[in-house]
Amino acid sequence: VIGTEEQVGAIRADIEKEADMLVHDHSDHEMHMYRYHVEAGGPLCGMQIGTSTLATKHHVMVIAIERGGEKIVNPSRHIFFQHDDLVWFVSPEELTITGFERKMVEM
């Protein structure tokens, strides 16, 4: 679950279940976290999250954007990437997207 403390608190009762109801084997669900700095004229600058190929082609989920000293957590698919954004995202795969390798940092 990714969200603010308030968002997670709102669904806590739904996600806290009896121990025997939980799936304990998470080995197939490893996620890699990456950071990408949006540069002017770069492939994401000015593009909407929903119209980029990050989710469909690269299996990436944008989880936050740092913009102007503020954090946008769980950004809407309608948000446009802007110059100087720091974009945080997760992927079940190790990414090798052409042109992005130098920018992505596994956390």
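Let's start with a strand pair: S1 and strand S4 (residues 86–91) run antiparallel and are joined by six bridges. Keep in mind that this is a predicted model. Two contacts show how the pair lines up. Met33 has Val90 in S4 as its bridge partner, and Tyr34 stands opposite Phe89, also in S4.

S1 covers residues 32–37, and its covered face carries His32, Tyr34 and Tyr36. Met33, Arg35 and His37 make up the uncovered face.

Now zoom out to the sheet. It is an open one, built from four strands in the order S1-S4-S2-S3 with antiparallel pairing. At the edges sit S1 and strand S3 (70–73), each of which pairs on one side only. On average, neighbouring strands in this sheet are turned by 20 degrees against each other, if you ignore direction.

What about charged contacts? The structure holds one salt bridge. Asp85 forms it with Arg67, and the closest N and O atoms are 2.7 Å apart. This pair links distant parts of the chain: Arg67 is in strand S2 (residues 61–67), Asp85 is in the loop between S3 and S4, and the two are 18 residues apart.

Conventions:
Residues numbered from 1 in each chain as written. Predicted model: local features only at pLDDT ≥ 70, side-chain atom pairs only at ≥ 80, totals over all residues. Heavy atoms only, no water. Buried < 20%, exposed > 50% of the residue type's maximum accessible area, 1.4 Å probe, protein only. Pairing = 2+ DSSP bridges. Axes fitted to C-alpha atoms, helices over the stretch in contact; angles between N-to-C directions. Salt bridge = Lys/Arg side-chain N within 4 Å of Asp/Glu carboxyl O.
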